[in-house]
Amino acid sequence: MAALPVLVLLALAATWSGPGAAGQKRKEMVLSEKVNQLMEWASKRSVIRMNGDKFRRLVKAPPRNYSVIVMFTALQPHRQCVVCKQADEEYQILANSWRYSSAFTNKIFFAMVDFDEGSDVFQMLNMNSAPTFINFPAKGKPKRGDTYELQVRGFAAEQLARWVADRTDVNIRVIRPPNYAGPLMLGLLLAVIGGLVYLRGSNLDFLYNKTGWALAALCFVLAMTSGQMWNHIRGPPYAHKNPHTGQVNYIHGSSQAQFVAETHIVLLFNGGVTLGMVLLHEAATSDMDVGKRKIMCIAGIGLVVLFFSWLLSVFRSKYHGYPYRYVCL
């Protein structure tokens, strides 16, 4: 009879702890199902395509002990998002590098939400531009640093990998597929040079042509001063198109970044200014008649004024509040 109160207390304790234990067990089962489902999809495709239902169930809804890197994009042809296609190629390289390396783990997954497949997700997140990369951490909501600064860093796989390592502590070594374009171009260039030397072996005066070397040096200088090396290092998008308004921006609005198209525009403007200066020099030093020299002088001044004014307008659009201008442009 003395043991009866003890049995009663044990029964009551089991009754009180039962719902909590059952709830915890149910959470563990749901989490296990989520992870198994994501691992199954990731084994077939490095980047998991999601619609609204999958996103809400696997990314937004708890429980979750894994991070999800999501690229919000618009890849359908009628969207005409060139940047989305370029960013998707780099994103696929990053995800494949993770999938087929020792960094592969169930603590992080790579996913994609296309606007035409998950427009409700875009509306839920108040998102009006693409592509956009967001890290949804294992615990809590995304913070400011969990949104990738695409316009500043560019979308190169190496830059994305550094950001992923910073946000998730998962270090991914980017492995790019072999690209034979560079070796082929180098081989073609060497073949052309070898052919010229063979055909003109008895006359190599063209190697001492100052004008040819000057043009080559000028092309190199224009390419470097326009920002081509920055593009090679950062891998910025060619331009930016708003998927809702359709407006395309070729000039980046910040002084901390640039588009590929912007470097081409600056290269053209620098080339125009250079051509104008060359014409002014020739007008002052050549032995042509006065009439032709006057025409060259006027053309040179016109080119310098026009293209330098356009350069200043680009500078003003990036450095807001810059008070000076060359002409009213």
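Modeller: A crossing of two helices is right-handed if the near helix is turned clockwise from the far one by less than a right angle. The model discussed here is predicted.

Colleague: Which hand does the crossing of α8 and α10 have?

Modeller: The two helices are α8, residues 210–225, and α10, residues 260–285, and their axes come within 9 Å. Where α8 passes α10, the crossing is right-handed.

Colleague: Are α8 and α10 parallel, perpendicular or oblique to each other?

Modeller: The axes of α8 and α10 cross at roughly 135 degrees. Angles over 145 degrees count as roughly antiparallel, and those from 65 to 115 as roughly perpendicular. The two helices, α8 and α10, are therefore oblique.

Colleague: How many charged residues take part in the contact of α8 with α10?

Modeller: From α8 come Leu218, Leu222, Ala223 and Thr225, which meet Leu267, Asn270, Gly271 and Thr274 of α10. In this contact of α8 with α10, four residues are nonpolar and four are polar, and the number of charged residues is: no charged.

Colleague: Which element gives the most residues to the lining of the largest pocket?

Modeller: The largest pocket holds about 370 Å³ of space. Two or more lining residues come from each of β4 (132–136) and α5 (150–153). With four residues, the element that gives the most is β4.

Colleague: How many residues of the lining of the largest pocket are charged?

Modeller: The lining of the largest pocket has 19 residues, with Thr132, Phe133, Ile134, Thr147 and Tyr148 nearest the centre. Of the lining residues, 11 are nonpolar and six polar, while the charged ones number two.

How values were computed: Residues are numbered from 1 along each chain as its sequence is written. This is a predicted model: local features need pLDDT of at least 70, side-chain atom pairs count only at pLDDT 80 or more; totals for chains, interfaces and linings use all residues. Side-chain values use heavy atoms; hydrogens and water are left out. Axes are lines fitted to C-alpha atoms, for helices over the stretch in contact, and angles run from 0 to 180 degrees between N-to-C directions. Angles under 35 degrees count as roughly parallel, over 145 as roughly antiparallel, 65 to 115 as roughly perpendicular and the rest as oblique. Contact means heavy atoms within 4.5 Å. Ala, Val, Leu, Ile, Met, Phe, Trp, Tyr, Cys and Pro count as nonpolar, Asp, Glu, Lys and Arg as charged, and the others, Gly among them, as polar. On a 1 Å grid over the protein atoms alone, a cavity is a set of points where a 1.4 Å probe fits but cannot get out, and a pocket is an open set with protein on both sides within 12 Å along at least five of seven lines; lining residues have an atom within 4 Å of a point. Grid points are joined across faces, edges and corners, and a volume is the space filled by probe spheres set on the points.
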